[in-house]
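Visitor: I have a structure open and a few quick questions. Can you walk me through it?

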Amino acid sequence: MRVLLKATLDTEKVNELTRSGKLPEVMKEAIERLQPEAAYFAPLGGRRTCLLVFDMQDSSQMPPTGEPFFLEMNAEVEVTPVMNADDLQKGLSQMA
């Protein structure tokens, strides 16, 4: 299932990672692990935010998906099922 992970990063923790030079490696590991089809980074609500769209095969993937963001960046993490336009059309066609 395609999901959107929204990780709102803790400013102080990420400042520490940035100053120590560890932030690029932490983000690289997260992206390599999840292999997202899309990855976006933005200051949402005034806080550093990471938006990743990736395929989650099973709900048992939730702990290894979120924990690095919790542990490394003290992030607030939300995981939400999402659709692309093709998925929406397929779903709507099943309603007829």
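Predicted model: local features only at pLDDT ≥ 70, side-chain atom pairs only at ≥ 80, totals over all residues.

Visitor: Fine. How many helices and strands are in the protein chain?

Guide: The protein chain has four helices and four strands. Along the sequence they run β-α-α-β-β-α-β-α.

Visitor: What does the C-alpha trace span along its principal axes?

Guide: About 55 × 30 × 20 Å.

Visitor: And what percentage of the residues count as buried?

Guide: 26% of the 96 residues. On contacts, take those with a separation of 6 or more: 70% of them come from residues 24 or more positions apart.

Visitor: Let's go inside. Which residues of the largest nonpolar core touch the most other members?

Guide: Ala7, Leu9, Leu52, Phe54, Phe69 and Met73. That core has 18 residues in total.

Visitor: Pick Leu52. What is Leu52 in contact with, leaving aside neighbours within four places in sequence?

Guide: Val3, Leu4 and Leu5 are on the list.

Visitor: Now Leu23. Where is Leu23 found, and is Leu23 buried or exposed?

Guide: Leu23 is in helix H2. Its relative accessible area is 18%, and the cut-off for buried is under 20%, so Leu23 counts as buried.

Visitor: What does Leu23 touch, not counting residues up to four places away?

Guide: Val14, Leu17, Thr18 and Met73.

Visitor: How far apart are Leu23 and Pro36 in space?

Guide: 18 Å, C-alpha to C-alpha. In sequence they are 13 residues apart.

Visitor: Helix packing next. At what angle do the axes of H1 and H3 cross?

Guide: Roughly 80°, and the axes come within 9 Å. That makes H1 roughly perpendicular to H3.

Visitor: Which residues make the contact?

Guide: H1 brings Lys13, Val14 and Leu17. H3 brings Leu71, Glu72 and Met73. By class, the contact of H1 with H3 has four nonpolar, two charged and no polar residues.

Visitor: Met73 and Leu17 keep coming up. Where else have I seen them?

Guide: Met73 is among the core residues that touch the most other members. Leu23 touches both Met73 and Leu17.

Visitor: Switching to charges. How many salt bridges does a search of the whole structure find?

Guide: Four. One of them joins Arg2 and Glu37, at 3.0 Å from N to O. Arg2 lies in strand E1 and Glu37 in the loop between H2 and strand E2 (38-44), so the pair ties together parts 35 residues apart in sequence.

Visitor: Is Glu37 buried or exposed?

Guide: Exposed, at 53% relative accessibility.

Visitor: Which residue does Asp87 form a salt bridge with?

Guide: Arg2. The closest N and O atoms are 2.2 Å apart. This pair links distant parts of the chain, with Asp87 in helix H4 (residues 85-93) and Arg2 in strand E1, 85 residues apart. Asp87 counts as partly exposed, at 28% relative accessibility.

Visitor: What are Arg2, Glu37 and Asp87 linked in?

Guide: A network of salt bridges.

Visitor: What about Glu32 and Lys28?

Guide: Their side chains also meet in a salt bridge, at 3.9 Å from N to O. Both sit in helix H2, four residues apart, so about one helical turn separates them. Glu32 is partly exposed at 48%. Lys28 is partly exposed at 44%.

Visitor: Last one. Where is Thr8 found, and is Thr8 buried or exposed?

Guide: Thr8 is in strand E1. At 10% relative accessibility, Thr8 counts as buried.

Visitor: Which residues is Thr8 in contact with, leaving aside neighbours within four places in sequence?

Guide: Arg47, Arg48, Thr49, Ala75 and Glu76.

How values were computed. Residues numbered from 1 in each chain as written. Heavy atoms only, no water. Core = buried A, V, L, I, M, F, W, Y, C linked by side-chain atoms within 4.5 Å. Buried < 20%, exposed > 50% of the residue type's maximum accessible area, 1.4 Å probe, protein only. Contact = heavy atoms within 4.5 Å. Helix = DSSP H or I, 4+ residues; strand = E, 2+ residues; numbered from the N terminus. Axes fitted to C-alpha atoms, helices over the stretch in contact; angles between N-to-C directions. Parallel < 35°, antiparallel > 145°, perpendicular 65-115°, else oblique. Nonpolar A, V, L, I, M, F, W, Y, C, P; charged D, E, K, R; others polar.
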